[in-house]
Amino acid sequence: MIRESIVITTDLKKKPHIVPMGIIFKKNKIIISPFIPSQTYLNLKDNPYAVINFTEDVNIFVDALLGKKKFKIKPTKKIKSFYLNNALTYLEVKITKFIEDKIRPKFECEILKETSLNSFKGFNRAQLSVIEAAILVSRINIISMQKIKKEINYLKIAIDKTAGKNEKIAWKKLIKKINNKK
Ligand SMILES: Cc1cc2nc3c(=O)[nH]c(=O)nc-3n(C[C@H](O)[C@H](O)[C@H](O)COP(=O)(O)O)c2cc1C
């Protein structure tokens, strides 16, 4: 199963890089699959550790996707990295295997430590819509505008019916990005 997370990797100078990424749970391991080229790929090659954050704060998904660099983070204890203040749970992982691929290699990870900061409060449909719309925006240069707009119209139903303030803010940023696409 793929779970949408915020992956924090660090370069050799310990500078954090924060991105949304779908990770796969495979028995007791985790697979991270960054596309090439990407900073996440380079960081994992240089420094084989990562922090997988699970959060309900959809603005972090949107802001990271749209290129924001600064987030509220704190240092992790087991590895030399960082976790999101707003994570419900985060996993400190170590890369144990690299599966090469020219387009989308895989990093298999061992979980060194799991920390829970808050409880999951249930699904919210608007949050799911924001995540789906963020995926569309991440592919804005390869999917037709017609398809993107059609899907956005459907996803908006859950935004109108179930969004809180945070989801509405995240949604607006994505719509602005889509509307600004030439
Ligand atoms: C919900 C979501 C899941 C994503 N999953 C992946 C993924 O599994 N692999 C990937 O390379 N990019 C994924 N992306 C896109 C990356 O977040 C984005 O392209 C990012 O900039 C990665 O490149 P970077 O490491 O150079 O910053 C995802 C985006 C979203 C919104």
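Guide: We'll go through strands, salt bridges, a surface patch and the ligand in turn.

Guide: A word on ground rules before that: this is a predicted model, where local features need pLDDT of at least 70, side-chain atom pairs count only at pLDDT 80 or more, and totals for chains, interfaces and linings use all residues. Residues are numbered from 1 along each chain as its sequence is written, and side-chain values use heavy atoms, with hydrogens and water left out.

Visitor: Fine. How do I read strand pairing?

Guide: Two strands pair if DSSP finds at least two bridges between them. The strands themselves (E, at least two residues) and the helices (H or I, at least four residues) are DSSP runs, numbered from the N terminus. Here, strand β1 (residues 2-10) runs antiparallel to β2, and 9 bridges join them.

Visitor: Which residue of β2 stands opposite Val 7?

Guide: That's Val 19. Val 7 also has a bridge partner in β4, namely Ile 52. β1 and strand β4 (residues 49-54) are antiparallel too, with 3 bridges between them.

Visitor: What happens in the hairpin of β1 and β2?

Guide: There are 5 residues between the strands, and Lys 14 takes a positive phi near 70 degrees in this hairpin.

Visitor: Where does the pairing go from β4?

Guide: On to strand β7 (residues 89-99), antiparallel again, with 6 bridges. Ala 50 has Val 93 in β7 as its bridge partner. Then β7 pairs with β8 over 10 bridges, also in the antiparallel sense. Ile 95 finds its bridge partner, Cys 109, in β8, and a hairpin of 6 residues joins β7 to β8.

Visitor: What about side chains along a strand?

Guide: In a regular strand they alternate between the two faces of the sheet.

Visitor: Next, salt bridges. How many does the structure hold?

Guide: It holds 4. The term means a side-chain nitrogen of Lys or Arg within 4 Å of a carboxyl oxygen of Asp or Glu. One of them joins Glu 108 and Lys 26, at 3.6 Å from N to O. This pair links distant parts of the chain, with Glu 108 in strand β8 and Lys 26 in strand β2 (residues 16-26), 82 residues apart.

Visitor: Is Glu 108 buried or exposed?

Guide: Buried means under 20% relative accessible area, exposed means over 50%, and partly exposed is in between (1.4 Å probe, protein chains only). Glu 108 has 10%, so it is buried. Lys 26 counts as partly exposed because its relative accessibility is 47%.

Visitor: Which salt bridge partner does Glu 151 have?

Guide: Lys 147, with 2.7 Å from N to O. They are 4 residues apart in helix α4 (residues 145-162), so about one helical turn separates them. Glu 151 is partly exposed at 29%, and Lys 147 is partly exposed at 42%.

Guide: Helix α4 also holds Asp 160 and Lys 156, 4 residues apart, about one turn of the helix. Their closest N and O atoms are 2.9 Å apart in a salt bridge. Asp 160 counts as exposed at 55%, while Lys 156 is partly exposed at 36%.

Visitor: And what is a surface patch?

Guide: Patches are made of residues with over 30% relative accessible area and no salt bridge: like charges are joined within 9 Å, nonpolar side chains (Val, Leu, Ile, Met, Phe, Trp, Tyr) within 5 Å. In this model, Phe 120, Phe 123 and Leu 128 make a nonpolar one of about 390 Å². Such areas come from the Shrake-Rupley method with a 1.4 Å probe; for residues, only the protein chains shown count as cover.

Visitor: Where does Phe 123 lie?

Guide: In the loop between β8 (106-116) and α3 (125-138). Phe 123 counts as exposed because its relative accessibility is 74%. From Phe 123 to Glu 56 is 67 residues in sequence, but 9.1 Å in space, C-alpha to C-alpha.

Visitor: Last stop: which residues come nearest to the ligand?

Guide: Of the 15 residues around the ligand, these are His 17, Pro 20, Phe 35, Gln 39 and Thr 40. "Around" here means that a heavy atom of the residue lies within 4 Å of the molecule.
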